[in-house]
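This report describes a protein chain for a reader who is new to structural analysis. Please keep the sequence and the structure in view while reading.

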Amino acid sequence: MKPLEKLKSKYTGCMVGAAIGDALGKQNEGRKREEILSRGYVTDYGKAEAGCPGEKLGAGQYTDDTEQMIVLSQSIIECDGFNAGDFARRIAKWGADAMNDPVRKSLVGPSSAAAITRLNSGISWKEAGSDTSSCGSAMRVAPIGLFYKDMDEIESNAVLSSIPTHNSKGALGGAVAIAIGVGCALLDMGCFEIIKETSIRVSKYDTRLAKKIRLSFEKMEKEPDEMFAELGTSYLVYDTVPCAFYCLSRHFEAPEKAIIEAVNAGGDTDSIACMTGALCGALYGVDVFLEKWLKGLENKEMIEYLANMIFNKSRN
Ligand SMILES: [Mg+2]
């Protein structure tokens, strides 16, 4: 593959990978690791069980993580770069639509929902963000890492993209982590370099998160049971983001294994796998994913189209 084709494939791989991880991971969202182990690892699409937030979605359908990533990518394309005011308007509209939709309303997390209600009541995007360190801004941020080439620009725009809904130090750091991780993956950096660059930048916002990201790499040889228990798998950035970097580090040469590991981590599996999928796709390109995952994914062509648009714009 020619270098430019390879790079283009990394863009589509990043966004399609995020959606694949999300669609696979939704089947285990909210389930305990022990429960997942007793039933066996999920490796293909299926419906989520009753009680899971995505229970009304079909096999191969993704959740709010990918929906928000799509909204962010559309805003970047429309504005030729990240514009916080435009993005806040779009995410507020998306959230209002989702919360009025019986199938999707249970997908919108509490801190996103509260921020969206504030945005829709006329509060400025600078003031609307929740103070919870949930991973709502980290899970959608990948297109920022694709669009900007300069690491400082990736960092500053990742922060801005978080503020309208998630304005805690942890959430800002989480968004920086995934955006920078994607930016490094596009450059074909090795695992150690990716973790180093990411944790240095995250430490400006949240030293605890930066430390846990380093830990996820240092302890990659430890078994998943032990590491998911140690890192935690809740919806907080302190858990989801390090878990994604652990899955990436442990299976750096085998991205499909990294995604399967994330899908079965327990807890916030759709978001952990969404972030892992974005990192893996940005590293290896879209062809790295299993054929059945690509075929069964909802709106795959639309997501590829958006990734290609970002690719073309980022080259100008
Ligand atoms: Mg979700």
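## The position of Glu298

In which loop does Glu298 lie? Glu298 belongs to the loop between helix 16 (291–296) and helix 17 (300–315). Helices (H or I, at least four residues) and strands (E, at least two) are DSSP runs, numbered from the N terminus.

Glu298 is partly exposed, because 16 other C-beta atoms lie within 10 Å. By this count a residue is buried if 20 or more other C-beta atoms lie within 10 Å of its own, exposed if 12 or fewer, and partly exposed in between, with C-beta atoms placed from the backbone. Apart from its neighbours within four places in sequence, Glu298 is in contact with Ala23, Gly60, Gln61 and Tyr62. Contact requires that the C-beta atoms of two residues, placed from the backbone, lie within 7 Å. Although Gly60 and Glu298 are 238 residues apart in sequence, their C-alpha atoms are 5.6 Å apart in space.

## Basis of the model

The model is predicted; local features need pLDDT of at least 70, side-chain atom pairs count only at pLDDT 80 or more, and totals for chains, interfaces and linings use all residues. Residues are numbered from 1 along each chain as its sequence is written.

## The chain as a whole

The chain contains 17 helices and 0 strands. Of its 316 residues, 58% count as buried. Among the contacts with a separation of 6 or more, 73% join residues 24 or more positions apart. Along the principal axes, the C-alpha atoms fill a box of roughly 45 × 45 × 40 Å.

## Helix 8 and its cover

Helix 8 comprises the 12 residues 151–162, which should span 16 Å at 1.5 Å a residue; the end C-alpha atoms are 17 Å apart, which agrees. The expected span is 1.5 Å times one less than the number of residues.

Buried residues of helix 8 include Ile154, Val159 and Ser162. The cover over the buried residues of helix 8 includes helix 3 (64–79), helix 4 (84–99), helix 7 (142–147), helix 9 (169–186) and helix 10 (191–202).

## Helix 9 and helix 10

The axes of helix 9 and helix 10 come within 9 Å and cross at roughly 150°. Axes are lines fitted to C-alpha atoms, for helices over the stretch in contact, and angles run from 0 to 180 degrees between N-to-C directions. The two helices are therefore roughly antiparallel to each other, a term for angles over 145 degrees. The residues that make the contact include Gly173 and Ala177 of helix 9 and Glu193 and Ile194 of helix 10.

Notes
Angles under 35 degrees count as roughly parallel, over 145 as roughly antiparallel, 65 to 115 as roughly perpendicular and the rest as oblique.
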